[in-house]
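These are my notebook entries on one chain and its ligand. I looked things up entry by entry and wrote down what I found.

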Amino acid sequence: MGAEVVVEGLTKSFGRQTIWRDVTLTLPPGEVSVMLGPSGTGKSVFLKSMIGLLKPDRGRCVVNGVDIVSCSEHKLYEIRKLFGVLFQDGALFGSMNLYDNIAFPLREHTKKSETEIKRIVLEKMDMVGLAGADKKLPGEISGGMRKRAGLARALVLDPEIILCDEPDSGLDPVRTAYISQLLLDLNAQIDATILIVTHNINLARTVPDNVGMLYRRELVMFGPREVLLTSDEPAVRQFLNGSRFGPIGMSEEKDTATLAAEQQLADAGHHDGSTDDVYGVVPQLQPTPGLPDRRGVRRRKDRVMSILHSLPPAAQEGIIESLTPDEQQHYGVRPHMFATAPIGRRPSPQPRDRIEGDLGVANLPQTTWRPPEPGQGGGV
Ligand SMILES: Nc1ncnc2c1ncn2[C@@H]1O[C@H](COP(=O)(O)OP(=O)(O)OP(=O)(O)O)[C@@H](O)[C@H]1O
Ligand SMILES: [Mg+2]
């Protein structure tokens, strides 16, 4: 089973610029999680902090009892072997061909023979659709191919924890669908704990068990997918819908006058740039038939059902509807226990439901978004 990753009160600044503060979340073992957030909110910085490449100012990131933030260099070297990381830019060695790039972690961290290394490298290259490209240099291939080579390299050590920074960026929609399926199949096969940073809303809605969002220097949300997908938080809705209208601006938060002007445009029928309203819990992607069931899904059901009462009604409804009738009976729940709109339709505004305590959902905002006071505009 993949390792659990416990992040507590993590805060990171560069000089006087705070990137995010007090980030607390747990990546449950063997589950797939996605981190969303506008560009520049520090998602890549977060991944690098989790593996000790960047040093946070405060907080802990604990894997197998070792705090990556404060442990010795030797411990860090050992614990990093548990991670497979796909960096946003691929981070391939420009002077090495793809084969040597992908073989690198095996030669660095294991005593495997070259014959064994060859078998693993070619298998992973085939897996990400790069068969036959082993002699190519990173500078000779497309951006999407570099990304896939980075993913193959992240997988060669059969990691317990896989961190992927925008695995879909630079990929066409079909390749993105293959990568989504690949990550889920991999999870079914090796039960690894996976965290994916992405801007791809389709992937975020269909792949993960848990979704979080970084925004305005905080983790505004992290929890079961049903919570974010049914959230009414304006920034979350705007982000999921890819809309121009809402609190997230091009380079900073919007003021009241801008929001009022947008409302006028919306009232006049001006298009906000979004596609459909994507409110609601859609079915989750399944592993390819023939592969083992995802063990993380079984564990997650028990985990999520134990915190069900603490979740908002729409999320509770989404979770209950995703259970089979037998499972509903097992957990003593039934559909439509809560009055919510059907999937795909936004419920009419209703008072927000409070979430008590820290039961797997971090910092779910309870108030509607308000524009910042003059002079407090942020960099998000
Ligand atoms: N090594 C560094 N030194 C100083 N500032 C940095 C460093 N790395 C990142 N930053 C800053 O931290 C902020 C967050 O950067 P990061 O790359 O994590 O954003 P992101 O959320 O991954 O964005 P995107 O979605 O565009 O990839 C940015 O303002 C960036 O300039
Ligand atoms: Mg990034």
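In which sense do strand E3 and E8 pair, and over how many bridges? I found that strand E3 (residues 32–36) and E8 pair in the parallel sense, over 4 bridges. Two strands count as paired if DSSP finds at least two bridges between them. The helices (H or I, at least four residues) and strands (E, at least two) are DSSP runs, numbered from the N terminus.

Before going on, I noted that this is a predicted model, in which local features need pLDDT of at least 70 and side-chain atom pairs count only at pLDDT 80 or more, while totals for chains, interfaces and linings use all residues. Residues are numbered from 1 along each chain as its sequence is written, and chains are lettered from A and ligands numbered from 1 in the order in which they are written.

**Entry: the whole chain**

I counted 13 helices and 10 strands in the secondary structure of the chain. Of the 380 residues in the chain, 39% are buried. A residue is called buried if 20 or more other C-beta atoms lie within 10 Å of its own, exposed if 12 or fewer, and partly exposed in between, with C-beta atoms placed from the backbone. I also looked at contacts, which are pairs of residues whose C-beta atoms, placed from the backbone, lie within 7 Å. Among contacts between residues at least 6 apart in sequence, 71% join residues at least 24 apart.

**Entry: strand E8**

I stayed with strand E8 (residues 193–197) and checked its cover: 5 of its 5 residues are buried. Thr193, Leu195 and Val197 point one way from E8, and Ile194 and Ile196 point the other way.

**Entry: the open sheet**

I then traced an open sheet of 4 strands, in the order E2-E1-E4-E5, with antiparallel pairing. Which strands stand at the edges? They are strand E2 (17–27) and strand E5 (66–67); each has a single partner strand, so one side of each is left without a neighbour in the sheet.

Strand E1 (residues 5–14) is joined to E2 by 7 bridges, and Leu10 stands opposite Val23 in E2. E1 also pairs with strand E4 (residues 58–63), over 5 bridges, where Val5 has Val63 as its bridge partner. E4 and E5 are joined by 2 bridges, and Val62 stands opposite Asp67 in E5. The hairpin of E4 and E5 has 2 residues between the strands, and Asn64 takes a positive phi near 50° there.

Most residues other than glycine have a negative phi, and most peptide bonds are trans. I looked up Asp158, whose phi is near 45°. Asp158 is in the loop between H5 and E7 and counts as exposed because it has 12 C-beta neighbours inside 10 Å. Glu166 has a positive phi of about 50° and lies in the loop between E7 and H6. Glu166 counts as partly exposed, because it has 19 C-beta neighbours inside 10 Å.

**Entry: the core**

The largest nonpolar core has 81 residues, and Leu163 and Met213 have the most contacts inside it. Such a core is a set of buried Ala, Val, Leu, Ile, Met, Phe, Trp, Tyr and Cys residues joined through C-beta atoms within 7 Å. Helix H5 (residues 143–155) gives the most to this core, with 6 residues.

**Entry: ligand 1**

I listed the residues around ligand 1, among them Phe14, Gly40, Lys43 and Gln88. A residue is near the ligand if its C-beta atom, placed from the backbone, lies within 6 Å of it. Helix H1 (residues 43–50) gives the most to this shell, with 3 residues.

Definitions and conventions
Contact = placed C-beta atoms within 7 Å.
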